[in-house]
Amino acid sequence: QLQLVESGGGLVQPGGSLRLSCVASRGTLDYYAVAWFRQAPGKEREGVSTINSSAGATDYADSVKGRFTISRDNARNTVYLEMDSLRREDTAVYYCAAANTIVEVTTTPPWWGQGIQVTVSS
């Protein structure tokens, strides 16, 4: 069983940066595809980024392309989301999720973190 924990959220000014971490406190994360999602108040859940298992390919939503970077450190059992040039519309609860394949992680991932708040405000 995989257990995921997010960290690194908080309050940042527009134009600033944050790095979110998703660590597998149980299980080996490099076996799995990982995705970041977010949900803002009054909005539907949005897929943000994905990374394939081990050193796999990455993908991004159009809304964050060129500003966010997903990466993994397999020795630390962690996937990161580097967020640069943050905008007020990036404010949301961010969740990491994992699955055996890229298709699964973008549709029905079986393992989720608890979520972490990111607030972009001056």
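Hi everyone, let's start with the inside of this protein: buried residues make up 43% of its 122 residues. Buried here means under 20% relative accessible area, exposed means over 50%, and partly exposed is in between, using a 1.4 Å probe and protein chains only.

A quick word on where this comes from. This is a predicted model, so local features need pLDDT of at least 70 and side-chain atom pairs count only at pLDDT 80 or more, while totals for chains, interfaces and linings use all residues. Residues are numbered from 1 along each chain as its sequence is written, and side-chain values use heavy atoms, with hydrogens and water left out.

Now the overall fold. Reading from the N terminus, the order is β-β-β-β-β-β-β-β-β-α-β-β. The radius of gyration is 13 Å, close to the 14 Å from the globule rule for 122 residues, so the protein is as compact as a globular protein of that length. That radius is taken over C-alpha atoms, and the rule is 2.2 Å times the number of residues to the power 0.38. Those C-alpha atoms fill a box of roughly 40 × 25 × 25 Å along the principal axes.

What about contacts, meaning heavy atoms within 4.5 Å? Of those between residues at least 6 apart in sequence, 57% join residues at least 24 apart.

Next, please find cysteine 22 and cysteine 96, which form a disulfide with their sulfur atoms 2.1 Å apart. The cut-off for a disulfide is a pair of cysteine sulfur atoms within 2.5 Å, and the count by this rule is one. This pair links distant parts of the chain, with cysteine 22 in strand S3 (residues 18–26) and cysteine 96 in strand S9, 74 residues apart. Are these two cysteines buried or exposed? Cysteine 22 is buried, and cysteine 96 is too. Their link is right-handed, with 70 degrees about the S-S bond.

Last stop: arginine 88. Where does arginine 88 lie? You will find arginine 88 in the loop between strand S8 (78–83) and strand S9 (92–99). Its relative accessible area is 49%, so arginine 88 counts as partly exposed. Leaving aside residues up to four places away in sequence, arginine 88 touches Pro14, Val120 and Ser122.

Methods
Helix = DSSP H or I, 4+ residues; strand = E, 2+ residues; numbered from the N terminus. Contact = heavy atoms within 4.5 Å.
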